[in-house]
Amino acid sequence: MYNKHIFTLIFLTLGFQIGFAQEEEEEKDLGTETVTVTKAYTPTVSDAFKIKSVPNMNDSIVLQKKPITYSIFSVPVASTFTPSKGTASKVEKLPPPVLYNSYASLGAGLYGNVLGEFYTSRTINRDENFDIGFNHLSSRGGINGVELNDTFYDTRLDASYAKRDRDLDWGAAIGLQHQLYNWYGIEPGIFSATELDGIDERQNYFMGEVSGHINVEDAYFKRADLKYRRFFDAVSSGENRAIFNTGFEFPMNEEILNAKVKVDYVGGTFENADANSTTNDSGISYGNLQVGVNPSLTMLRDDLSLNLGVNLVYGMDLENSESNFYIYPAVTASYRLLDESVIAYGGVTGELKQNSYYDFVEGNTFVSPTLTIAPTDSQYNAYVGFKGQLLPNLSYNVKGSYSAENNKPLYTLNPVNSFRSDEKGYYYGNSFGLFYDDIKTLGIFGELNVDVNRNFTAGVNVEVYDYNTETGNPAWNLPNLQASLFMDYQIGEKWYAGANLFYVGERDDFSSTVIEDAQPSEFPATLITLDGYFDANAHVGYRYTDQWSFFIKGANLSNNNYQRWSNFQVQGIQILAGATYKFDF
């Protein structure tokens with residue numbers, strides 16, 4: 001009972017204290033406080049109490065380690081072994097070929113033929129070089145049955161300078177040329193010995209030209225080149241030619257926009273009148289200027305290459321104060337059908353071709369200095385073909401074409417003009433003039449090339465043409481068939497050889513005689529059909545040393561006395577031998 005009262009008293013006392021504490025909390029309002037945590041607590045290992053993993057053991061049972069002392073007893077041993085030194089094996093290397101910057105070549109042969117060549121390339125520094133080239137070919141003549149002098153020579157000297165920078169390259173060049181030919185194509189038995197003695201059949205041509213170019217990388221402006229040529233002959237004929245070309249390129253995503261600009265001028269005079277005229281009281285003057293723009297869009301894909309363009313040309317006849325505007329297509333494309341085995345290509349292109357006295361002489365050195373110079377309107381040339389690799393060492397190319405040309409120049413034999421007494425004797429039916437005609441041409445071309453190895457290559461090509469002229473005349477002096485075969489063979493280290501065989505089919509021309517008070521179409525004329533001809537050329541050489549080599553060249557080895565032009569017979573079999581020397585200069 002006593003314990004009961006004690007428990008009751010303790011309970012009342014605790015209840016009173018709790019109630020009093022609640023009253024004090026109600027009377028004192030402590031309010032609220034904001035605690036800002038600036039860094040969360042990140043405990044580390046050092047914060048924890050570490051227990052030693054190996055406690056100290058104080059046990060008398062644990063055995064004590066005894067110290068151990070080591071000693072080595074050395075005994076010298078005599079050795080007689082001597083290792084041999086090894087030698088590394090060497091790889092045999094071929095000596096690099098000796099390169100020389102210059103060479104000179106000289107040869108002589110039948111008909112008094114002489115061949116001379118010289119070339120040197122001088123490196124000024126790693127970015128600049130200077131080149132000089134000289135070529136000479138001449139003959140004393142002596143063709144059987146020719147009644148006039150048939151000697152000739154052609155000499156040319158060229159020099160050029162080039163400089164290459166990081167983003168562009170530029171250069172300049174100069175060229176000089178002298179040619180001597182004779183109008184020896186007199187029909188045998190027509191003229192007396194006295195008349196032949198009074199003919200001056202020699203003609204000299206002189207040419208000088210200067211040019212410059214610049215090519216730019218990583219710029220819209222890509223290139224520009226300028227050439228000026230002066231050409232004249234021994235009878236006061238003269239011609240000036242200036243050509244300026246430039247090009248721009250603008251990338252457009254996967255396509256490229258190109259723009260080419262061309263300015264072409266040719267002008268000159270002939271002191272003599274047309275060979276068809278009975279009088280020689282006035283000369284011939286000409287001047288033609290062309291300004292052309294060729295914009296195009298080039299698209300390149302995995303297997304397709306496509307160029308879409310147009311050629312816009314404004315042509316002016318300055319001598320007659322006439323002008324015309326021409327629009328030509330300029331579309332080309334190629335597509336890989338079977339990788340490198342079959343590549344199809346085609347296009348349609350056109351141009352206003354600028355003709356010149358110099359170009360006509362290059363095509364036929366026996367033209368008379370009485371030509372009418374006019375441009376050719378090549379309206380279109382459409383072609384399609386296939387090319388590729390049939391075998392790793394056999395390639396082919398087959399193409400068909402159809403073209404339309406207005407005012408195309410054709411070489412024709414000048415008439416016999418007994419009314420003339422010019423200084424030079426080119427009016428005896430022994431020179432060539434020009435006949436302009438509108439021609440449409442259908443052509444087929446095929447070619448095979450074989451590269452057996454690095455030492456032997458060969459190729460053959462055939463061209464077949466069919467002509468349709470506006471006048472109904474034959475396409476004068478244009479063959480319907482041409483074919484050629486070439487071979488080059490490196491025979492061992494010292495010997496080498498090569499051959500070039502070609503065939504040219506029949507050609508048509510006509511001979512006529514001038515009569516007074518008549519047009520050329522009314523002159524008495526006889527049709528001439530020139531036989532096709534085959535020509536075989538070959539050469540063989542021997543390299544005696546790195547610097548000296550010897551060669552023998554043969555031309556017209558079939559000894560076919562054919563006529564390249566009407567009444568102009570070529571030399572028979574020709575053998576020429578010589579030597580070449582390489583050196584540093």
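**Exercise 1. Aromatic pairs**

Find how many aromatic pairs there are, and describe the one formed by Y184 and F366.

*Solution.* Start with the rule: rings of Phe, Tyr and Trp (its six-membered ring) pair if their centres lie within 6.5 Å, and planes under 30 degrees apart count as stacked, over 60 as edge-to-face and the rest as tilted. By this rule the count is 38 aromatic pairs. Next, look at Y184 and F366: their centres are 5.7 Å apart with 85° between the planes, an edge-to-face pair. Y184 sits in the loop between strand 5 (168–182) and helix 2 (193–197), and F366 in the loop between helix 3 and strand 14, so this pair ties together parts 182 residues apart in sequence. Helices (H or I, at least four residues) and strands (E, at least two) are DSSP runs, numbered from the N terminus.

Before going on, a word on the model: it is predicted, local features need pLDDT of at least 70, side-chain atom pairs count only at pLDDT 80 or more, and totals for chains, interfaces and linings use all residues. Residues are numbered from 1 along each chain as its sequence is written, and side-chain values use heavy atoms, with hydrogens and water left out.

**Exercise 2. Around the pair**

Decide whether Y184 and F366 are buried or exposed, then name the cluster that includes them.

*Solution.* Buried means under 20% relative accessible area, exposed over 50%, and partly exposed in between (1.4 Å probe, protein chains only). Y184 has 11% relative accessibility and counts as buried; F366, at 11%, counts as buried too. Both belong to one aromatic cluster made of F152, Y181, Y184, F360, F366, Y411, F432, W565 and F568.

**Exercise 3. Charges over rings**

Which ring faces lie under K387 and K553?

*Solution.* A charge sits over a ring if NZ of Lys or CZ of Arg is within 6 Å of the ring centre and within 35 degrees of the ring normal. K387 lies over the face of Y345, 5.3 Å from the ring centre. K553 lies over the face of F551, at 5.4 Å from the ring centre.

**Exercise 4. Salt bridges**

Count the salt bridges, then work out what the bridge between D359 and R241 ties together.

*Solution.* The term asks for a side-chain nitrogen of Lys or Arg within 4 Å of a carboxyl oxygen of Asp or Glu. The structure holds 14 salt bridges. In one of them, the side chains of D359 and R241 meet at 3.6 Å, N to O. D359 is in helix 3 (residues 357–363) and R241 in strand 8 (residues 238–252), so the bridge links parts that are 118 residues apart in sequence. D359 is partly exposed at 34% relative accessible area, while R241 is buried at 8%.

Now try another bridge: E340 and R336 have their closest N and O atoms 2.5 Å apart. E340 is partly exposed at 44% relative accessibility, and R336 is partly exposed at 33%. For E405 and K408 the closest N and O atoms are 3.7 Å apart, and both residues are buried. Finally, salt bridges that share partners join R156, D158, E209 and R229 into one network.

**Exercise 5. Two aspartates**

Where are D422 and D509 placed, and are they buried or exposed?

*Solution.* D422 is in the loop between strand 15 (394–413) and strand 16. With a relative accessible area of 11%, D422 is buried. D509 belongs to strand 20 (residues 507–512) and, at 0% relative accessibility, counts as buried. One more step for D509: T529 is 20 residues away in sequence, and the C-alpha atoms of the two are 6.4 Å apart in space.

**Exercise 6. Positive phi**

What is the phi of N253 and of N567, and where is each residue found?

*Solution.* N253 has a positive phi of about 55° although it is not a glycine. Its place is the loop between strand 8 and strand 9 (255–270), where N253 counts as exposed at 83% relative accessibility. N567, also not a glycine, has a positive phi near 75°. N567 is in the loop between strand 24 (563–565) and strand 25 (568–569), and is partly exposed at 22% relative accessibility.
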